[in-house]
Amino acid sequence: MPAFAKRMAFMQAAADVTRYLFESMTDPETISFGGGAPAREALPVELVHEIASEVLTRQKRGVQALQYGNPIGIPDLRQAVVDKLLAPKGLQAKLEDVIIVAGGIENMNLVSQLYLEPGDVILVESPTFVHAIEVFKMFEVRCIACQTDDSGLVLEDVEAKIKQYHPKMIYVIPTFQNPSGRTLSLERRKALAELGSQYDLIILEDDPYSEMRYSGEALPPVKYFDRTGHTIFVNSFSKIFSPGSRLGYAYADQKIIRKLYDAKTATNSHTNVMTQILCAEFFNRGLFDAHLKLICDIHRERRDVMLECIRTLLPEGVRYVYPDGGLFTWVELPGQIDTTAMLPQAIAQKVAYMPGKEFFMEGQPVLNNCMRISFGGVTPEKIRIGMERLAGVVRAAL
Ligand SMILES: Cc1ncc(COP(=O)(O)O)c(C=O)c1O
């Protein structure tokens with residue numbers, strides 16, 4: 001058999017932690033704070049059932065749903081993106097500026113196809129979203145991490161690394177970041193857009209969580225401050241509609257969207273038309289606003305319970321992020337606790353989390369004592385039980 005390509009060694013290393021988490025999850029008694037799934041109660045099952053039974057008939061959209069589609073996506077879903085998702089963020093998009101893709105992660109793949117050559121450098125946050133890194137690394141690039149603090153990316157470090165590494169792109173998750181839950185401040189959003197223009201680099205702004213805001217004031221995206229077309233705004237329907245539908249979108253200058261269209265054609269022709277129709281109807285029947293309120297109410301309660309548990313159950317010296325939205329908080333344990341080494345002990349106690357180590361890239365220190373805690377997929381009652389178990393494991397490790 002021919003050898004696997006060299007890049008697969010990295011892919012395997014990155015996938016191993018996820019695989020381990022999934023495989024150890026076969027026990028239904030285990031409470032997992034490891035994944036990034038939204039609450040099952042927040043999935044619009046009844047609404048989608050109603051839409052599907054009404055529109056998927058031969059006279060209505062049944063034929064469109066089962067036929068080949070346009071690589072750019074169906075017009076009414078793109079229009080919903082323009083009117084219902086971009087306009088409220090202050091982004092005045094035209095229909096031609098939007099393409100529908102197969103889930104948020106496909107954006108990383110398509111944008112990489114457009115710009116990256118082997119050996120190129122991408123600047124990322126430290127810590128950052130590990131699946132995006134997996135995609136970038138498939139293009140044989142270097143991902144260099146930049147410093148972050150409670151207000152997100154530290155732009156002095158970004159600028160120093162721009163001068164040192166001459167990157168092509170900066171990948172950033174400005175709002176309720178995965179894994180840290182942190183949010184980039186308003187001033188830094190503006191300054192980051194300006195850095196893109198000044199140094200002629202792509203700012204890849206990934207925004208799957210900003211609608212899930214439970215407290216605090218909404219901030220305009222980095223794209224809002226982009227005057228030169230250097231920012232590509234990418235997003236996902238996974239957290240506001242359904243992850244299983246595999247839907248996402250990109251908003252950028254029309255010439256970039258045209259290239260994304262070319263890359264999309266070669267990748268998978270087009271995004272699933274059936275789920276595009278269900279999602280478009282969901283928005284265009286005016287169901288989104290009430291459903292988003294439900295999503296936020298469910299997750300706000302989970303966030304509050306999780307943070308109360310962190311405050312009251314975990315030992316002194318623990319540092320954590322208070323996220324104003326999204327699905328994650330980031331916990332830094334005291335002492336020399338290695339959260340990767342501690343995971344088997346946690347699983348033995350029927351609780352799981354995502355060890356922090358995997359989220360760190362070259363260029364910044366790897367913090368072994370951190371963990372990403374996801375509160376989205378666990379009910380408040382189970383959060384309490386799971387956190388008592390986790391607190392026991394941490395105390396034993398101390
Ligand atoms: C920052 C970030 N970007 C993109 C995605 C991927 O979204 P999707 O599930 O739509 O591929 C996620 C999902 O967890 C995410 O956290």
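1. Ser-238 places a polar side-chain atom 2.6 Å from an oxygen atom of the ligand, and Ser-236 does likewise at 2.6 Å. For Asn-178 the distance from a polar side-chain atom to a ligand oxygen is 2.8 Å. The protein covers 90% of the 390 Å² of accessible area that the ligand has on its own (Shrake-Rupley method, 1.4 Å probe).

2. This is a predicted model, in which local features need pLDDT of at least 70, side-chain atom pairs count only at pLDDT 80 or more, and totals for chains, interfaces and linings use all residues. Residues are numbered from 1 along each chain as its sequence is written, and side-chain values use heavy atoms, with hydrogens and water left out.

3. The ligand is surrounded by 15 residues (a heavy atom within 4 Å). The closest are Asp-206, Tyr-209, Ser-236, Ser-238 and Arg-246. By class, the shell has seven nonpolar, five polar and three charged residues (Asp, Glu, Lys and Arg count as charged; Gly counts as polar).

4. One cavity of 30 Å³ or more is counted (on a 1 Å grid over the protein atoms alone, a set of points where a 1.4 Å probe fits but cannot get out; lining residues have an atom within 4 Å of a point). The largest cavity has a volume of about 60 Å³ (the space filled by probe spheres set on the points). Its lining includes Glu-125, Ile-173 and Arg-182. Strands E5 (148–149) and E6 (152–153) each give two or more residues to this lining.

Conventions
Polar contact = N/O pair within 3.5 Å; in protein donor to acceptor, adjacent residues only side chain to side chain. 1 Å grid on protein atoms, 1.4 Å probe; cavity = no way out; pocket = protein on both sides within 12 Å on 5 of 7 lines; lining within 4 Å. Helix = DSSP H or I, 4+ residues; strand = E, 2+ residues; numbered from the N terminus.
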